[in-house]
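Have the sequence and the model open side by side.

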Amino acid sequence: MRTTTDSGLLLPVPDADGAPFWEYTARGELRVQACAAPDCGELRFPPRPCCPHCGSFDSEWRLMSGRGRIWSYVRPHPPLLPAYAEQAPYHAVLVELADAPRIRMAGNLVRSAGAALDSVDPARLRIGARVQVVFTELDGVTLPQWVLERTS
């Protein structure tokens, strides 16, 4: 299994619990693992075999809207791995999902799906900014990325 692209970008390494997440992203769906116990139903991310709330091993994957808000961010600067240093500084964001406020997902803020990691003007970056998931394929893996929602 490859862990980097030919250009040196890191690829996710799915495990048995997280494999469905990547299968859904390949279909353009953002899903979160949920407990399937009748009296629980708690969402959890990252995926894991057992519900931390009730201990059940039963799970399902719930479709999310793909909307959220920037909960935190960082702008990495060199020294970095060479493939990332070429695009630095860029925006790594932690997104709180709108339909699952206790779930936060890490990713990159980009102008559009597949755009360069440094494609968003830093002046537009702020905590609380509303974002929407987009998907981009990278060496056979479909990655979720985030774009700023347009304000009307």
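A salt bridge here is a side-chain nitrogen of Lys or Arg within 4 Å of a carboxyl oxygen of Asp or Glu. By that rule, Arg 2, Asp 6 and Asp 139 are linked in a network of salt bridges. Keep in mind that this is a predicted model. Across the whole structure, the search finds eight salt bridges.

Move on to Glu 96. Its side chain meets that of Arg 69 in a salt bridge, with N to O at 2.9 Å. What does this pair tie together? Glu 96 sits in strand β5, residues 92-97, and Arg 69 sits in strand β4, residues 67-74, so the bridge joins parts that are 27 residues apart in sequence.

Glu 96 has another partner. It forms a salt bridge with Arg 104, where the closest N and O atoms are 3.4 Å apart.

Are these residues buried or exposed? Take Glu 96 to begin with. Its relative accessible area is 12%. The cut-off for buried is under 20%, so Glu 96 counts as buried. Arg 69 has 30% relative accessibility and counts as partly exposed. Arg 104, with a relative accessible area of 31%, is partly exposed too.

Now look at Glu 60 and Arg 62. Their side chains meet in a salt bridge at 3.0 Å, N to O. Glu 60 is partly exposed, because its relative accessible area of 35% falls between the limits of 20% and 50%. Arg 62 is partly exposed as well, with a relative accessible area of 31%.

Why does Gln 145 count as buried? Its relative accessibility is 7%, and buried means under 20%.

What does the side chain of Gln 145 reach? It comes to 3.2 Å from the backbone nitrogen of Gly 114.

Conventions: Residues are numbered from 1 along each chain as its sequence is written. This is a predicted model: local features need pLDDT of at least 70, side-chain atom pairs count only at pLDDT 80 or more; totals for chains, interfaces and linings use all residues. Side-chain values use heavy atoms; hydrogens and water are left out. Buried means under 20% relative accessible area, exposed over 50%, partly exposed in between (1.4 Å probe, protein chains only). A polar contact is a pair of N or O atoms within 3.5 Å; within protein, one must be able to donate a hydrogen and the other to accept it, and residues adjacent in sequence count only if both atoms are side-chain atoms. Helices (H or I, at least four residues) and strands (E, at least two) are DSSP runs, numbered from the N terminus.
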